[in-house]
Amino acid sequence: MKNNSSLQSITFDTIRFPLVTMVVFIHCFGLPNEFTPLCEVKDFNYDEIFTFIRIFFSKVFPHIAVPTFFIMSSYLLFRSFNGIWDFNQWSHKIKRRIKSLLIPYLIWNMIPILFYIATVIGGGIIHNKPIQGLSEPISSLFSWHTYWDIKIDGALTGPMNYPLWFIRDLMIHIILSPLIFIYIKTTKVYGILFVLLYYLLGFNFISIPGLNFFVTIFFVMGSYLALNKIDIIEQFKKYSNYIYPICIVSLFIAVYTFGSNLPISGYSFRIYIITGIITLFTISGFLCKKYNIKGKTIITSSTFFVYAAHLGLPIQKSANIIVNSIADIVPPVICYFLVPLITIFLCVLMYIILNSISPRLTTFVCGR
């Protein structure tokens with residue numbers, strides 16, 4: 001029988017891989033990009049069913065992943081503080097996160113550029129042609145924009161390896177964590193209720209590269225739970241009978257109204273995020289306890305590699321090529337699921353091979 005503390009730690013370890021799987025699904029919506037909101041469709045047919053599946057698995061359901069990661073990250077930062085500020089502990093944690101966050105962040109933003117440079121050089125050698133067009137990628141290796149705010153789509157910005165915006169924002173919030181500590185100790189429960197209501201009511205978020213108030217909200221939530229020595233699994237379990245039905249209803253309303261201008265679309269989505277996080281922790285904790293799950297395996301240890309490599313290397317592109325080659329004989333719904341599943345499989349396979357060849361290098365690039 002596991003005690004509550006160990007159960008929570010095992011649950012944290014166990015859900016990391018499912019969470020990163022959700023992140024991959026978020027990036028695999030596929031084509032067509034445009035769709036009619038389901039609430040505006042008059043007659044459902046196969047196309048609408050396909051749209052429902054893609055919205056469910058890429059646009060709504062998996063979006064609990066990133067907020068959950070922020071909650072766990074801030075919880076782990078503050079859990080050993082015993083409710084009081086400890087500068088020595090904080091500085092020690094900062095130093096550890098240079099290895100676990102900053103160094104892998106820099107490496108995995110360089111890798112796409114280095115891979116492109118290697119491709120150009122390799123192509124020139126194979127085809128016996130002059131090697132050209134390297135000045136721009138080489139100069140980008142030394143540009144701060146590469147590691148901070150390349151424009152992605154519209155107002156969105158991120159580092160070269162776009163999913164790593166999570167680490168960028170996490171590092172900024174870790175640096176600002178003394179201010180967050182002061183906020184929590186000063187405002188107590190009222191401070192957490194404020195950020196929770198602020199999120200649920202959909203007020204505008206302050207969003208500049210590295211400092212997104214959306215991130216702050218969930219970082220504060222995790223920090224509050226840790227500083228008040230609240231066991232996440234046990235605390236959330238108390239409300240599970242009320243939360244589960246709200247989670248299911250809000251999830252399907254969010255899917256049904258996604259992409260529309262209906263106010264309920266945003267409200268239902270945010271309610272789902274909060275209740276979905278609680279549901280995820282409680283169900284995962286229950287399963288870990290019931291089936292005596294140990295937490296760390298070769299699959300769970302590959303979590304960071306899958307996260308960084310699925311777009312940092314042309315793995316998802318390779319999965320798309322594989323699936324497109326059979327798209328004429330395989331139904332679109334199957335193709336949709338194959339892309340993220342093949343992407344994850346290739347990432348894990350590459351991780352296992354790399355780890356068997358050079359465990360030290362694997363540990364280094366994964367920040368462990």
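## Helix H6

Helix H6, residues 165-175, is mostly covered, with 9 of its 11 residues buried. This comes from a predicted model. The buried residues of H6 are Trp165, Phe166, Ile167, Arg168, Asp169, Leu170, Met171, His173 and Ile174.

## H7 against H11

Helix H7 spans residues 177-200, and helix H11 spans residues 263-290. The two pack at an angle of about 140°, and their axes lie 9 Å apart.

On the H7 side, Leu196, Tyr199 and Leu200 make the contact. H11 contributes Tyr267, Arg270, Ile271, Ile273 and Ile274. By class, the residues of this contact are 7 nonpolar, no polar and 1 charged.

## The second largest pocket

The second largest pocket has a volume of about 450 Å³. Its lining is made of 16 residues. Nearest the centre of the pocket lie Ile192, Leu196, Leu225, Phe236 and Ile278. Leu196 also belongs to the H7 side of the contact with H11.

Which elements give two or more residues to the lining of the second largest pocket? They are H7, helix H8 (213-227), helix H9 (232-237) and H11. H7 supplies the largest share, 4 residues. The lining of this pocket has 15 nonpolar residues, 1 polar residue and no charged residues.

Methods:
Residues are numbered from 1 along each chain as its sequence is written. This is a predicted model: local features need pLDDT of at least 70, side-chain atom pairs count only at pLDDT 80 or more; totals for chains, interfaces and linings use all residues. Side-chain values use heavy atoms; hydrogens and water are left out. Axes are lines fitted to C-alpha atoms, for helices over the stretch in contact, and angles run from 0 to 180 degrees between N-to-C directions. Contact means heavy atoms within 4.5 Å. Ala, Val, Leu, Ile, Met, Phe, Trp, Tyr, Cys and Pro count as nonpolar, Asp, Glu, Lys and Arg as charged, and the others, Gly among them, as polar. On a 1 Å grid over the protein atoms alone, a cavity is a set of points where a 1.4 Å probe fits but cannot get out, and a pocket is an open set with protein on both sides within 12 Å along at least five of seven lines; lining residues have an atom within 4 Å of a point. Grid points are joined across faces, edges and corners, and a volume is the space filled by probe spheres set on the points. Buried means under 20% relative accessible area, exposed over 50%, partly exposed in between (1.4 Å probe, protein chains only).
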